[in-house]
Amino acid sequence: MKSTGLIVEYNPFHNGHLHHVEQARQLTNADVIIAVMSGNFLQRGEPAIVSKWTRAKMALSAGVDLVVELPYAFAVQHAKKFAFGSINILKALDCDNFCFGSESGDIDEFYQALNFIKVNQVTYEENVKKLMKTGISFPSALTNSFTMINHQGEFVDLTKPNNILGFHYIEANHELITPMKAYTIKRKNANYHDKEFSSSTIASATSIRKATFEGNQSLQKIEQYIPDSTLKAMEEYLSEYGSFHHWEQYWPFLQYRLLNISSEDLEEIYDIEEGLEHRLQKMAKESQSFQEFMNKIKTKRYTWTRLQRICVHILTNTKKNEMKKLHDKIQYIRLLGMTHKGREYLNHKKKDLPFPIISKLSSYPNEFVQLDVRAANIYAQGLQEPYRSSLFNMEYAQPPYYFN
């Protein structure tokens, strides 16, 4: 069975994602589509609008055959680590290909950029160091350094968010002993960060979430931009749990943590450096909402995305020494759902997999999953009771979804 992997968040699954799934299957002639999906907290340091279980159900309903979770240690990370974890899980599942969406749409541009950087590695790294000293963020320094050496603009544009992720996928895949074949599909209509609708059927996940919360969690404004199966899943989630998830629900917990932890202990949280702990604690006292807090702590050196990730790490009490053990190597694969075809594929491959497949957490008491458990517990805190306890229990009790 020929398999193609996708690296996704589905926050939520929309018509653009459906196009990606269909085009990936067609372009690669795949029998099985496998999605590595972020868990309850995402790469940009945000809580997913609905749980990983519901997002897995959305994917399976729309043509994905196998959904596995990208562990927290890779999911809530900068692009390079995010790509490393995702690509290595797809490779462990013996995918023949992987396919990603990009603003470029030309896979050769990514390989040309990778080779160009390797040839100019010394200059590239020197530029990054110089730029960092000016106070800009590390991602901006990488992008600007590439632009400086690619002054004629002949390679892929690494100022675009999906191109940046795509480049890191290509880079991670290149480092494997037997790399997968890579494909890319040009994004249609909506850009990744678009906050407003710009098409009659395709919209960014950002604009879909914005419209949902502006409409007081009404789904009426977004119906035309999501498949019917997504609409049904979101309606069921709202009925079952009483609310979608957003950062303001977690602000009281974040503020409490910041006001009741010593600066020495806060400094031990992953990704906090250069005295940032003092600024975080000072602004926590002066802010009445998460949005106000973020506006006050934002600086040129720290991107909004990085600061949100740090806030998630504070909530989950993720420390530097703990993350160091977890983010260098894949330890397990958590199965969230499958179709009949996905189950057939997994049955055929699982005896040769390099890592254990976890289908039920209660049967896998391992220290490496504890960070994922903490993240799931914190995510549930955004809900009121009895919904909170219900979501707590799913982490241990829920078997993978089977979609026939």
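**Reading the fold, one feature at a time**

User: Where do we start, and in β2, what is the bridge partner of L6?

Analyst: This is a predicted model. Start with strand pairing. L6 has A35 as its bridge partner in β2. Strand β1 covers residues 3-8 and strand β2 residues 32-38; the two pair in the parallel sense over six bridges.

User: Which strand holds the bridge partner of T4?

Analyst: Strand β4. There, N97 is the bridge partner of T4. β1 and β4 (residues 97-102) pair in the parallel sense too, over two bridges.

User: What is the handedness of the unit made by β1, helix α1 and β2?

Analyst: Right-handed. Helix α1 takes residues 15-28, and with β1 and β2 it makes a right-handed β-α-β unit.

User: How do I read the two faces of a strand?

Analyst: In a regular strand, side chains alternate between the two faces of the sheet. Now take β1. On one side are S3, G5 and I7, and on the other T4, L6 and V8. These residues are all buried, so both faces are covered.

User: Now a helix. How do I check the length of α5, and what span should its 13 residues have?

Analyst: Count 1.5 Å a residue. On that basis the 13 residues of α5 (residues 107-119) should span 18 Å. The C-alpha atoms at its ends are 19 Å apart, which agrees.

User: Which residue caps the N-terminal end of α5?

Analyst: D106. One of its side-chain oxygens lies 3.0 Å from the backbone nitrogen of D108.

User: Which residues of α5 are buried, and what covers them?

Analyst: The buried ones are I107, F110, A113, L114, F116 and I117. Their cover includes the strands β4 and β5 (181-186), along with α6 (121-133), α7 (138-149) and α8 (161-174).

User: Is H313 buried or exposed?

Analyst: Buried. The cut-off is under 20% relative accessible area. H313 has 1%, so it counts as buried. The residue is found in helix α15 (residues 304-316).

User: Which side chain makes a polar contact with that of H313?

Analyst: The side chain of Y72, at 2.7 Å. Then look at contacts beyond four places in sequence. For H313 these are Y72, V76, I269, Y270, T318 and M323.

User: What about the nonpolar core? How many residues are in the largest one?

Analyst: The largest nonpolar core has 131 residues. The residues with the most contacts inside it are Y10, F98, Y169, L254, L280, F293 and I314. Helix α4 (residues 79-92) gives the largest share of this core, seven residues.

User: Pick one of those. What does L254 touch?

Analyst: Set aside residues up to four places away in sequence. L254 then touches W247, F290, F293, C311, I314 and L315. There is also a second, separate core of six residues, among them Y332, I358, L361 and V369.

User: Which peptide bonds are cis?

Analyst: Look at omega. The bond joining N11 and P12 is cis, with omega about 0°. P12 sits in the loop between β1 and α1. The bond from E385 to P386 is also cis, with omega near 5°. P386 sits in the loop between α18 (370-380) and α19 (387-397).

User: What is phi of D94, and where does D94 lie?

Analyst: Phi of D94 is near 65°, a positive value in a residue other than glycine. D94 lies in the loop between α4 and β4. At 34% relative accessibility, this residue counts as partly exposed.

User: And Q217: buried or exposed?

Analyst: Buried, with a relative accessible area of 18%. Q217 also has a positive phi, near 65°. Its place is the loop between α9 (205-214) and α10 (228-241).

User: Last one. How far apart are N404 and M338 in sequence and in space?

Analyst: They are 66 residues apart in sequence, and 8.5 Å apart in space, C-alpha to C-alpha. N404 is found in the segment after β8 (401-403). With 76% relative accessibility, N404 counts as exposed.

Terms used:
Residues numbered from 1 in each chain as written. Predicted model: local features only at pLDDT ≥ 70, side-chain atom pairs only at ≥ 80, totals over all residues. Heavy atoms only, no water. Buried < 20%, exposed > 50% of the residue type's maximum accessible area, 1.4 Å probe, protein only. Helix = DSSP H or I, 4+ residues; strand = E, 2+ residues; numbered from the N terminus. Pairing = 2+ DSSP bridges. Right-handed = clockwise from strand over helix to strand, strands pointing away. Expected span 1.5 Å × (residues − 1). Contact = heavy atoms within 4.5 Å. Polar contact = N/O pair within 3.5 Å; in protein donor to acceptor, adjacent residues only side chain to side chain. Core = buried A, V, L, I, M, F, W, Y, C linked by side-chain atoms within 4.5 Å.
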